[in-house]
Amino acid sequence: MRLHFVRLTAVDSRARRFAFFSAAILAALVVNFGVPVVAYDVTGSIGQNFFNGFTINEGSSGTAALQLNVSPANSSGFAGTTTHRINGGNPLTFSASGSTAGSATPTTGGDNGNGTADWSASFQYNLPGVYNISYGGTVSWLHSANGSWNPVTSNYSGTGFQGVGGNVNVTVNNVAPTITSANLNGINGDQSVGQGGSVSLNMTATDAGSQNTNFTINGVGAGSASGTPGSTRTSGNSSFSAVGVAPGVYAQTFQADDGITTASNGPVTRFVTVTNVGPTITSANINGVNGNFTVNEGVAVTLNMTATDPGNDIINFTINGGVAGSSPVQAGNSTRTSSDVGVGGFLPGLYTQTFQATDQYGAVDGPITRVLTVLNVGPTITGITPSQVIDPTQPFNFFMTATDPGVALGDTLTYNWDWDDDGQFDDYTGSSGTIPANYFPNAVGTHKVSGQVTDSNGDSATGSFVLTIVPEPSTVLMAGLGAAGLGLVAARRKVRRRKEQPPNGS
Ligand SMILES: [Ca+2]
Ligand SMILES: [Ca+2]
Ligand SMILES: [Ca+2]
Ligand SMILES: [Ca+2]
């Protein structure tokens, strides 16, 4: 410390003895970061650059503190206890432009009686930059001797005034934001979700400064939020969709910045585990109808099906236990279609058709079933012996043909005949046969012969033909026929004798 001599105004002869004081003022501005105290004399360069290059972080508060000390240059004239008073009512001003805390008016320095007084003012800067802090004012002091020292007067004083001042640039550094949560479905941790589900994503961060906090989730902006220094800011909402996503683990990244730098602990990564969800059969079709179906005997049908899956999975289709194609990888929740499977025809009955879908991870839906009802179709006569005139003395061959869709599937048709037209098809069985000669009694006239064809389900069709028997030839005709005619008659008689035998039932 340098000493400076200040001329004081002497108030009497005794005081003149101490016309000169050696007055020294120690000035110090300290900040609450352990900055060394810098001292200045009360005169001369006091207040100039009382410290340099001070740096703090944004959001941090500090205290500008000034201490002034004064003592007489020569205290020998002051006997006994001496008081040294500073700044009798003269305020100092502090200025801290841009500060968001504290006041430009410092705590008034107190006179503690020993020549020391302190002022302080707090400050805080919430944005990076360079700020000036200054103080200034006039300091006064008074030294008083112990009244018991001098029998003549009890108060020898020395006084003085001195302007003081100083300023400093404070450099405020940015502080990176800190990510305080990275949330999946509101939970600050990893999550699991099934295919087709979704997970909400958001995050919080703090920043020591007052800049906006910008959020980025999975590389996409998720909003910006302001806040007071040190407060928690919350991002907008984003989401992870598991539609069309294969089972697996998916990293989610969360980052924040303050426009200057990214978060000190960013990016933060969370993981979504996507689990498989099985397919869902959406239709099981017979001839395009999603339900039970009815067809006639022998008619083939086409089976196919559709299914969805929340994943983009390959779907394998199975119809009636057989492979019915696979869908390729495609968008989640889209409808996949099997290949067509043709079946039938069938004999009459109820036939259960089964449909099943399996995704590439083995999850199954089904089997679900459809009932195919097959109705019988009766026989259709396609040919029968034509009606005609016959010679009753001769065996007569007849036939009937018929179709039925069941025949190709193993069904058999039964043909029964009613030769005697009594309504009972009990005279012959077979698709063709021979009516014996002389079968018809009272033969002249017409004789209806009917055939009935029946399938194994009991449906039948009936057809008939008429045989006409005309009177025997006249004697005139017989005479004209000569020997040949006699032979014919003989033959007819021979037949008539056989007519008395039972008809051929084979
Ligand atoms: Ca910051
Ligand atoms: Ca799946
Ligand atoms: Ca049939
Ligand atoms: Ca009959």
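Which loop does Asn218 lie in? Select Asn218 and you land between strand 14 (213-217) and strand 15 (220-225); strands here are DSSP runs (E, at least two residues), numbered from the N terminus. Before moving on, note that this is a predicted model, where local features need pLDDT of at least 70, side-chain atom pairs count only at pLDDT 80 or more, and totals for chains, interfaces and linings use all residues. Residues are numbered from 1 along each chain as its sequence is written, chains are lettered from A and ligands numbered from 1 in the order written, and side-chain values use heavy atoms, leaving out hydrogens and water.

Back to Asn218: its phi is near 55°, positive for a non-glycine residue. Asn218 is partly exposed at 33% relative accessibility (buried is under 20% relative accessible area, exposed over 50%, partly exposed in between; 1.4 Å probe, protein chains only).

Now pick Asn438, in the loop between strand 34 (432-435) and strand 35 (445-454). Phi of Asn438 is positive too, near 60°, but Asn438 is buried at 4%.

Next, the calcium ion (ligand 2). Show its protein donors, which include Gln195 (OE1), Asn276 (OD1), Val277 (O) and Asp313 (OD), at 2.2 to 2.6 Å. Donors are N, O and S atoms within 2.8 Å of the metal (3.2 Å for Na, K and Ca), and water is not among the atoms, so sites may look incomplete. Asp309 and Asp359 are donors as well. Asp309 sits in the loop between strand 22 (301-308) and strand 23 (315-319) and Asp359 in strand 27 (residues 349-359), so the pair ties together parts 50 residues apart in sequence. Asp309 is buried at 0%, and Asp359 is buried at 2%.

Last stop: the cis peptide bond between Gly266 and Pro267, with omega about -5°.

Notes: Helix = DSSP H or I, 4+ residues; strand = E, 2+ residues; numbered from the N terminus.
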